Amino acid sequence: MADPAELPEPDRIEGAPHPRETHRLIGHEDAEAGFLDAFTSQRLHHAWMISGPEGVGKATLAWKIARFLRANPPADPNDMFGAPPAPTSLDTPEDHPVFRQALALAEPGIFLLRRGANDKGDRLSAALRVQEVRRMRAFFSLSVVDGGRRVVIVDSADEMNNEAANALLKSLEEPPAGTIFLLISHTPSRLLPTIRSRCRELRVGPLSPDLLGEALAQAGTDPGGDAEALGELARGSVGRALTLAHLDGLTTYREIVQVFMGAPRYDRAAAIRLANSATGAANVARYGLIIDLLSQFLARLARAGAGHIPTVPLSPDEPALLARLSPNLHASQAWARLEQDLSARAAHGRAVNLDPAALILDMVFKINETAAKRAA
């Protein structure tokens with residue numbers, strides 16, 4: 001059994017700072033202002049859902065709010081000096097004890113609800129399970145020395161299994177006094193309607209190219225001359241951009257383009273090299289990357305045929321390939337259907353541990369078959 005402390009953090013992107021370590025939230029001023037307004041007007045709801053695309057800064061916002069709430073406890077009505085002035089931002093100074101303790105996961109009033117170890121203890125569980133929710137309830141039984149609020153960050157609510165979701169719902173329905181829940185969700189529609197109905201939503205969106213560049217620089221990543229293309233491939237998600245940069249995703253996408261440059265006479269040798277590069281335990285992340293990039297290639301084909309031609313090409317050869325394989329709406333619809341079908345097949349294949357190379361080659365064959373029909 002592995003030491004739980006040695007397992008990777010499930011809410012950390014490899015090669016990037018953890019959201020609690022990110023000092024400055026870039027973008028999302030409207031969401032910050034919305035929460036601050038609720039706080040200063042004494043309309044602070046007990047549960048908030050921070051929603052939006054994956055990797056755009058939702059967890060960073062949650063940690064910023066959690067630190068703010070802990071650093072600004074409820075005013076003491078018996079304080080002879082009266083209530084302190086209303087805060088004008090959610091910022092907490094980096095030298096504040098709350099900031100330092102949160103950085104070390106030692107802040108007594110903040111509980112991070114996330115996936116834990118599996119039953120064997122040798123790896124992370126695939127889902128956020130009820131065992132972790134029970135740990136949260138134990139947290140409620142502890143007294144907070146300063147008498148301030150408790151804050152629970154759920155990262156992410158999408159990962160809860162049914163048992164965990166129902167257990168969390170009970171706490172949302174009967175929240176402990178002085179407790180604020182911050183649920184992070186990439187796809188709120190998949191959560192229980194009863195959970196959604198008990199939360200006030202803070203919606204955050206993709207970052208603009210300029211803001212994405214700032215966020216990458218803050219995380220210590222310099223995309224160089226590929227910044228614009230990397231931002232396009234990341235779809236405004238700094239988390240995704242960091243993953244792509246770490247795994248050299250832009251180069252991999254360009255390899256996919258080259259595989260299909262001659263479609264329906266695709267480059268079989270290049271396809272085999274691509275598929276074989278995803279095999280083995282050391283290449284699990286690359287396996288997921290290739291599946292995702294194949295899906296994104298299909299999505300770009302579908303958009304091009306519908307008249308939404310990408311403004312930022314991801315390789316010099318991509319514009320001509322998109323125009324040739326998806327010249328009209330009929331082709332667009334075919335590529336969109338294929339994207340949905342292959343995404344479902346890939347999800348099933350990964351769930352049943354299908355050989356990575358076989359799954360990727362099957363996707364390549366299906367794409368080539370569709371290209372042949374478009375050329376017929």
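This is a predicted model: local features need pLDDT of at least 70, side-chain atom pairs count only at pLDDT 80 or more; totals for chains, interfaces and linings use all residues.
Modeller: Residues are numbered from 1 along each chain as its sequence is written, and side-chain values use heavy atoms, with hydrogens and water left out.

Biologist: Happy with that! Why is the pair of Phe260 and Phe297 called stacked?

Modeller: Rings of Phe, Tyr and Trp (its six-membered ring) pair if their centres lie within 6.5 Å, and planes under 30 degrees apart count as stacked, over 60 as edge-to-face and the rest as tilted. The centres of Phe260 and Phe297 are 5.4 Å apart and the planes stand at 10°, so this pair is stacked. The two residues are 37 apart in the chain: Phe260 is in the loop between helix H10 (249–259) and helix H11 (268–276), and Phe297 is in helix H12 (residues 284–305). Helices here are DSSP runs (H or I, at least four residues), as are strands (E, at least two), numbered from the N terminus.

Biologist: What makes Phe260 count as buried or exposed?

Modeller: Buried means under 20% relative accessible area, exposed over 50%, and partly exposed in between (1.4 Å probe, protein chains only). Phe260 has 1% relative accessibility, so Phe260 counts as buried. Phe297, with 0%, is buried.

Biologist: And why is the pair of Tyr266 and Phe365 called edge-to-face?

Modeller: Their ring centres lie 6.1 Å apart and their planes stand at 65°, so the pair is edge-to-face. Tyr266 is in the loop between H10 and H11, while Phe365 belongs to helix H15 (residues 356–375), 99 residues away. Tyr266 counts as buried at 19%, whereas Phe365 is partly exposed at 36%.

Biologist: How do you know that the charged end of Arg350 sits over the ring of Tyr287?

Modeller: The test asks for NZ of Lys or CZ of Arg within 6 Å of the ring centre and within 35 degrees of the ring normal. Arg350 passes, at 5.0 Å from the centre of the Tyr287 ring. Arg150 likewise lies over the face of Phe139, at 6.0 Å. Ring pairs also link Phe139 with Phe111, Phe140 and Phe181 into a cluster.

Biologist: Which residues lie nearest the centre of the second largest pocket?

Modeller: Leu105, Leu112, Arg114, Glu132 and Arg135 do, out of 22 lining residues. Strand E2 (110–113) and helix H4 (130–140) each give two or more residues to that lining.

Conventions
On a 1 Å grid over the protein atoms alone, a cavity is a set of points where a 1.4 Å probe fits but cannot get out, and a pocket is an open set with protein on both sides within 12 Å along at least five of seven lines; lining residues have an atom within 4 Å of a point.
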